[in-house]
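This briefing sets out the architecture of the chain shown below. The points are grouped by topic.

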Amino acid sequence: MSKSYFTIISVPGMEAQAEQLHSGLMRKGVSANLITDLTFTRANDEWGGAAFEDQIRGKVCLVLGTGPGSAPNMWGLQMTLMVASSFGPDRIYLVLAYQPYSRSEKPQTRPDDGKKEVELTAGVMRLIEAAAFDMIRRVIVVDPHSTATSLSTKRPGILKQVSVMKCLLKQAALEAIQLRDEKPIVVHFPDGGAKDRFEFTSVTVAEEVQREQKIRIYMTSGLKRRTDSKHAEIVSISGDTEQLKDAHVICVDDEGATLGTNEKTAQKMLDLGFQFHDFSCVFTHGVFCGEQALKNLGRPDSRIKSFTT
C-alpha cells in the first residue's frame, strides 16, 4: 500500500521529465509516488494500470503532459487521464508543458482557398476535461501561444497560465554579461504578440540585472505583417535602436517553430543598418517543426548564434 498522498503520472513521452521532477522532490524530502507507464503497459497481467490503483485512489495526482496535437500524443494524454480518473483520485492537476493546437487560435485565412483555419483550442480543452470525467482541479499551461487560451474552458478558475521566460531570459542575459566585452545587451520582441506577453517579464529581468550587475538592458520591438500561419514579413523596428550597434541581441518569443521570423528579424536589422555583434534567441517552446526549421537550423549563413529554451 502506498503511503504517499501525492502521485506523479507521466503521459507517454514525458517519462524523463516526470522522473526528474520526482528526483527533485525526493531530494527536498517530499515523498511522492511515480508512475511512468500507466496506460500502455501490462503489469501483473492487468492491462490499463490496475497494478497502480493503490498509488492513485484517494491521492493528489499530478499528470505531466504536452503537445503537439498529433493523434498518438492526444490519444496518450486522453487515455492517461481516463485511466487515472477511473481509480478515484482525490483530485487531478494537469500540467501542459506545451498546449496542443494552441497555434490554431490565430485567425488566419489560408491563401490557397480563402478558408479560415479551424480554431481547436477550446475543443481540445473539452476533450481533456471529458477524458478525466471532470475530475481535473486545475490545468496549468506553460506560456501558451494564444492569448485566447484563458477563454477555452467554461469552468472558471480551472486554467492557470504560468511562464518560465523570466529564468530563461535571465540566463541568456547573464551569459552575455559573462563575456565581459562591455557591448550593449538588447532584448528584442519580434512582434506585438511577443511584446504583449513578455515586456513586463523583460523589464523585471532588466531591473534585477541592473541592480545585481550594474548593467543596463535595452529593448526594441518589431512590427510584423503576417499573411498566414507560415509566412510573415518584418516591417519595422523601434525602441532603443541606437543601442543595436555592436550589441548582443536577445530575441524573445514564446515559440520557435520554423525560425523564419527570427532569421528575418536579424536580416531586417542588418538591412536597416543596425550592425549587431551577435543575435541569439530565447524561446519557451523550441518546437523546430517541419522541413523549414531543419533548413534554417542548417543554414551556413544563419545569423542566429544560439538558442535558450
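In this predicted model, L81 is in contact with V63, I92, L94, I128, A131, A132 and I136, leaving aside its neighbours within four places in sequence. L81 is also listed with I9, L38, L94, I128, I136 and V139 as the residues with the most contacts inside the largest nonpolar core, which has 37 residues. At least two residues of this core come from each of β1, α1 (15–27), β5, α3, β6, α4 and β7.

**Cores and overall composition**
- Another core, of 20 residues, lies apart from the largest one and has I177, V187, A194 and I217 among its members.
- In soluble globular proteins, nonpolar side chains tend to be buried together.
- The chain contains eight helices and 14 strands, and 48% of its 309 residues count as buried.
- Of the contacts in the chain with a separation of 6 or more, 73% are accounted for by residues 24 or more positions apart.

**The six-stranded sheet**
- An open sheet is formed by six strands with parallel pairing, in the order β2-β1-β5-β6-β7-β8.
- Its edges are β2 (33–35) and β8 (159–162), each of which pairs on one side only.
- On average, and with direction ignored, neighbouring strands of this sheet are turned by 20 degrees against each other.
- Three bridges link β1 (residues 6–10) with β2 in the parallel sense, and T7 has N33 in β2 as its bridge partner.

**Helix packing**
- Helix α3 (residues 71–86) lies across β1, β5 (60–65), β6 (91–96) and β7 (136–142), and runs at about 165 degrees to β6.
- Two packed helices are described by the angle between their axes and the distance between the axes.
- For α3 and helix α4 (residues 121–131), that angle is about 30 degrees, and the axes are 8 Å apart.
- Angles under 35 degrees count as roughly parallel, and α3 and α4 are therefore roughly parallel to each other.
- On the α3 side the contact involves M74, L77, Q78, L81, M82 and S85, which meet V124, L127, I128 and A131 in α4.
- The residues of this contact comprise eight nonpolar, two polar and no charged.

**Strands β12 and β13**
- Strand β12 (residues 248–256) runs parallel to β13, and eight bridges join the two.
- Within this pair, V249 stands opposite F279 in β13.
- Strand β13 (residues 278–286) is mostly covered, with eight of its nine residues buried.

- S202 is found in helix α6 (residues 192–213).
- Because its relative accessibility is 1%, S202 counts as buried.
- Beyond residues up to four places away in sequence, S202 touches L169, V187, F189 and M219.

**Backbone exceptions**
- Most residues other than glycine have a negative phi, and most peptide bonds are trans.
- G67 and P68 are joined by a cis peptide bond, with omega about 0 degrees; P68 lies in the loop between β5 and α3.
- D143, in the loop between β7 and β8, has a positive phi of about 40 degrees although it is not a glycine.
- With a relative accessible area of 6%, D143 is buried.
- D246, in the loop between β11 (231–239) and β12, also has a positive phi, near 60 degrees.
- D246 counts as partly exposed, at 33% relative accessibility.

Key:
Residues numbered from 1 in each chain as written. Predicted model: local features only at pLDDT ≥ 70, side-chain atom pairs only at ≥ 80, totals over all residues. Heavy atoms only, no water. Pairing = 2+ DSSP bridges. Helix = DSSP H or I, 4+ residues; strand = E, 2+ residues; numbered from the N terminus. Axes fitted to C-alpha atoms, helices over the stretch in contact; angles between N-to-C directions. Contact = heavy atoms within 4.5 Å. Buried < 20%, exposed > 50% of the residue type's maximum accessible area, 1.4 Å probe, protein only. Parallel < 35°, antiparallel > 145°, perpendicular 65-115°, else oblique. Nonpolar A, V, L, I, M, F, W, Y, C, P; charged D, E, K, R; others polar. Core = buried A, V, L, I, M, F, W, Y, C linked by side-chain atoms within 4.5 Å.
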